[in-house]
Amino acid sequence: MNALPDRYASDELVLRDPSDGRTLAQRLSKRYAARITCAFVVPGREGSFAPLPDDLPPTLTHALRSRGIDQLYSHQAEAWSATQSGAHVAIVTPTASGKSLCYTLPVITAAMTQHAKALYLFPTKALAQDQVAELLELNQAGALGVKAFTFDGDTPGDARQAIRLHGDIVVSNPDMLHQAILPHHTKWAQFFENLRYVVIDEVHTYRGVFGSHVANVIRRLKRVCAFYGVTPQFILCSATIGNPKEHAEALIEDAVTAITESGAPTGDKHVLLWNPPVVNPDLGLRASARSQTNRIARLAIKSGMKTLVFAQSRTMVEVLTKYLKDVFDSDPRKPARIRAYRGGYLPKERRAAEREMRAGTIDGIVSTSALELGVDIGSLDVVVLNGYPGSVAATWQRFGRAGRRQQSALGVLVASSDPLDQYLVRHPEFFQGAPPEHARIQPDQPLILLDHIRCAAFELPFIGDEMFGTEIAAPWLDVLGEEGVLHREGDRWEWIADSYPAIAVSLRSVADGNFVVVDRTSGRQTIIAEVDYTAAPVTLYEGAIHMIQSVPYQVERLDWEGRKAYVTRTHVDYYTDAIDYTKLKVLDCFDTSNAGCGQAHHGEVHVVRRVPGYKKIRFYSHENIGYGPVNLPDQELHTTAVWWQLAQVVLNAAFENRQQALDGFLGAAYALHIVATVAVMAEARDLQKSVGSGDGAWFVSADVTGRGQIRGTDGQPATLAPDAPFTPTVYLYDAFPGGIGQSEPLFNRREDLVAQSVSLIERCDCRGGCPGCVGPVLAADEDAATTPKALALRVLALLVAL
Amino acid sequence: MSVAVDRLRLLRAQAGQVTIKKIVKPTMPANVRLLLQRHAQIKHGSGVATLSSRDRDMAGDEIAPGLRYTEVFMDWLQPPPWIDTTFARWIDPVHHGRLLHFDTETTGLAGGTGTRAFMIGAADWVDGRFRLRQLTITSMAAEVAMLRVFAGWLNEDTVLVSYNGKSYDAPLLSTRYRLARLQNPLQGLGHLDLLHPVRRRWKGEWNNCKLATAERQLLGVVREDDLPGSEAPAAWLTYLRGGSAANLRRVAQHNAQDLKSLAGILLHLATMSQT
């Protein structure tokens with residue numbers, strides 16, 4: 001099997017002439033039939049076009065033509081007439097279908113003919129900069145005289161005044177609107193008085209806690225607009241999600257006209273689901289996804305196809321980049337053909353990668369989800385996903401990166417050993433048939449709502465029975481009055497505190513404080529990267545190999561308080577992988593009730609994420625060549641949770657052994673989490689689940705086989721003494737600092753949740769368990785005498801109210 | 001599906017149209033209120049106590065509901081008719097009759113739309129005498145009246161004199177005029193902000209260039225029983241909530257001294273640039 005080094009094995013498949021996705025898909029299917037569990041084609045479609053509208057200003061028409069735009073796609077024309085009729089519009093079309101022209105046309109027209117202003121909101125600075133670059137090009141092409149600026153944290157102070165006064169189009173992000181623009185709206189008075197359009201792109205990213213915050217920022221925006229006597233029209237854009245119109249309407253709390261049919265032509269898209277081959281039949285071990293991804297990407301690039309690889313973690317981006325660079329960039333005198341792209345690079349470096357991709361000088365790019373959004377990198381031929389991104393919607397957004405007008409494209413999903421990935425490649429119908437997920441928000445979540453009423457009261461006093469969103473504000477203002485930040489006089493509530501409330505409210509609810517990576521190689525002191533706070537513990541521990549464009553640096557010292565990691569250039573043949581885990585401890589139980597033979601509780605919990613050490617993994621062979629300890633503060637989260645427990649005697653009677661009970665609890669937790677997420681309209685990442693001992697002595701995580709593995713407080717696998725107390729507990733907790741109050745409504749609906757979980761599992765068509773009920777299971781478990789599904793049902797049955 | 005969309009649909013069905021009407025929710029559920037209060041306590045400590053004090057006297061006349069006005073004439077410095085303003089890099093001298101020294105006392109330093117002035121002091125020379133006027137609001141509602149009165153003190157010839165007023169007092173007032181939907185009377189006026197020439201001349205020589213330092217160094221002013229500026233917001237808030245006026249009276253004294261020092265520093269700078 002290993003006669004030929006992997007690196008050369010597949011060169012016979014290289015297409016001699018630059019070719020299309022179909023040919024490559026065929027060759028791969030033929031050669032690797034056993035690895036491909038499913039191949040299907042999403043048929044392309046002819047473009048549907050419309051002439052440039054007659055009512056465009058002639059200079060704009062001229063500018064478009066000089067940029068090679070002689071006609072519109074049908075959805076662009078639809079968007080034009082919808083905006084001209086005054087409707088709020090939501091445009092939901094795939095990546096690279098010319099979405100931005102849908103809002104550029106009405107915005108520029110209004111700016112040229114009525115001096116109307118527009119506010120653009122993008123979720124990231126990079127997208128904002130792209131957009132401004134595009135606007136400037138069009139503006140130059142036609143000498144349109146429309147001024148567009150980005151306004152973000154990097155905008156220098158002296159430029160801000162000019163932007164406020166002279167910007168026709170201000171391109172910013174929700175965080176800046178929340179913290180810098182709305183609380184200073186009087187400085188923007190001229191801008192607001194003439195504000196005609198608010199463009200919100202990538203609205204599918206505004207979901208969960210983040211989306212709920214953004215919906216409230218939009219409420220505040222509308223409130224400030226009302227003060228200046230304007231009602232701007234909203235134009236929203238979204239990637240494919242299950243409920244685009246609904247989601248857009250929930251965000252702006254108004255009716256929108258949805259445009260969902262793309263008129264952009266696309267070639268056929270060939271999709272392959274790829275399972276790495278079994279390398280050890282005895283243990284059922286498969287080759288790594290990484291090796292397969294590398295092989296497919298290499299073949300595609302050698303065949304002259306522009307290729308994008310998505311990896312799940314920053315480390316994996318660097319590893320895969322290194323492998324591809326080893327093949328394609330071995331000659332340092334030639335310009336690089338392979339690039340990495342991820343968060344944490346300096347903006348300059350990311351811009352350079354984008355530019356080179358667009359210019360076509362780069363043949364392969366390896367990225368995290370950072371490229372899932374609409375960053376413009378031109379057309380690609382092949383997209384390879386190293387592992388399932390976790391949702392159907394994200395998978396299609398990533399595949400959407402590949403596709404040119406006339407040519408067929410290829411998308412390959414390479415399954416990792418993760419049980420969910422394995423389930424998917426074994427059950428392709430799940431993926432093929434599944435509708436994309438729905439985006440959900442809950443703007444009236446009490447604590448989020450209160451935070452934004454607080455910010456709104458700072459911006460403008462509340463008067464009388466004013467509404468905020470769908471709530472009458474008065475009771476909330478009373479709460480703020482008691483807190484001492486508002487003063488009530490007659491029917492007015494005025495801000496009185498010496499504080500700036502928006503600073504204390506983070507829309508993304510992540511702890512702030514990015515880490516900078518300082519290169520100290522041979523006496524230098526250069527900042528070479530930034531790492532966000534949550535990623536720092538798993539990437540910047542002392543001893544970590546931190547790779548940047550696949551150049552390895554070793555972290556020598558981490559200054560946690562100062563948010564700095566000092567690194568030096570190194571030459572090692574391994575990379576490092578952090579071991580991390582989460583445990584949970586109950587601090588205060590607010591309420592308890594019987595739940596069948598067990599009990600349900602809700603209260604305050606302490607969640608700890610710890611990185612106890614890391615593994616050193618050799619490149620190519622991927623053998624584990626050692627461990628290192630990590631000494632970092634725990635990442636702590638105080639929050640609220642609801643949890644269920646069963647007494648030891650009950651479990652002893654119901655299960656043959658403790659392993660079965662643990663597997664049952666893991667499955668039950670999975671089902672409860674699905675049901676609860678829907679029940680409180682949370683994003684899965686905002687509500688988390690955990691299974692552990694009731695006293696916090698141990699917790700359970702699924703091992704590579706999907707089986708429950710007990711781990712001690714140090715995170716190491718442990719076994720319980722036969723006489724040790726055994727009270728497994730399933731927790732659902734708010735993954736939101738301080739909690740966002742999801743646990744109480746969940747506790748109130750506890751009986752309903754258990755009953756719904758039972759029916760979810762019972763109604764599921766699978767045999768032994770699947771991602772739709774108790775979580776993905778291994779093939780071996782599907783036919784086991786007691787399936788994970790049966791075990792989970794057994795646990796839940798014991799919790800059903802009598 | 002989000003609650004908002006549910007409501008939206010319901011409404012549209014009810015109204016048979018697409019406009020959104022507001023829904024009135026009478027009260028907040030008790031448990032939500034409890035939750036919010038708990039969180040507020042954890043985050044901000046205990047709430048506000050209701051105050052009631054017998055010492056509620058403020059100087060001056062109530063010229064509008066909640067707006068008190070004081071006016072004092074005093075002999076304070078004899079300005080030359082024409083003030084040399086080359087220290088501020090202005091070429092032409094300014095007649096002293098055009099000068100209006102001003103200083104605000106505010107509810108804080110946070111900035112943005114949530115900070116307001118509760119006291120505006122202004123001083124000028126009228127027929128050779130130093131006139132010091134102060135407006136203080138004792139209710140929120142009186143702010144508009146205060147802004148109007150102050151606007152009446154300014155005309156297009158007025159030259160403002162302040163200490164850091166270009167960056168602080170003037171933008172703050174401009175925000176307040178905007179929020180009150182009034183024309184901003186400061187817009188376009190000449191403005192001598194003395195902080196900048198003081199900084200240019202004495203930065204590095206003194207520990208800092210605060211007004212208190214400048215008045216001590218240049219005018220030999222030593223304040224007694226001065227209420228630090230940082231305590232001004234609390235003084236006004238205490239009074240607003242029914243508490244004692246004692247500290248608010250001290251704020252007025254502090255403000256008056258600021259204005260006197262401002263005039264003193266101006267004349268000092270003007271004299272210096274002549275020599």
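This is a predicted model: local features need pLDDT of at least 70, side-chain atom pairs count only at pLDDT 80 or more; totals for chains, interfaces and linings use all residues.
Let me begin with chain B, where seven strands form an open sheet of mixed pairing, in the order β1-β2-β7-β6-β5-β8-β9; strands here are DSSP runs of E of at least two residues, helices are runs of H or I of at least four, both numbered from the N terminus, and two strands pair if DSSP finds at least two bridges between them. At the edges of this sheet, each pairing on one side only, are β1 (61-64) and β9 (190-193) of chain B. From one strand to the next the twist averages 30°, with axes taken as lines fitted to C-alpha atoms, for helices over the stretch in contact, and angles running from 0 to 180 degrees between N-to-C directions.

Residues are numbered from 1 along each chain as its sequence is written, and chains are lettered from A and ligands numbered from 1 in the order in which they are written.

Staying with the sheet, strands β5 (residues 99-106) and β6 (residues 117-126) of chain B run antiparallel and are joined by six bridges, and within that pair T104(B) stands opposite I120(B). Helix α3 (residues 143-152) of chain B packs on the sheet, where it touches β1, β2 (67-74), β6 and β7 (129-137) of chain B, and its direction makes about 160° with that of β7(B).

Turning to chain A, what is buried in helix α3 (residues 58-66)? The buried residues there are L60(A), A63(A) and L64(A), buried meaning that 20 or more other C-beta atoms, placed from the backbone, lie within 10 Å of the residue's own, with 12 or fewer for exposed and partly exposed in between. Because they cover an arc of only 100° around the axis, they lie on the same side of α3(A), the arc being that of the directions from the helix axis to the C-beta atoms. P58(A) and S66(A), on the other side of α3(A), are exposed. The buried residues of α3(A) pack against α5 (99-114) and α6 (125-142) of chain A, and after the helix comes G68(A), with a positive phi near 85°.

Finally, L251(A) is in contact with V203(A), Y206(A), V214(A), A215(A), I218(A) and I441(A), leaving aside its neighbours within four places in sequence, where contact means C-beta atoms, placed from the backbone, within 7 Å.

Note on methods
Two residues are in contact if their C-beta atoms, placed from the backbone, lie within 7 Å.
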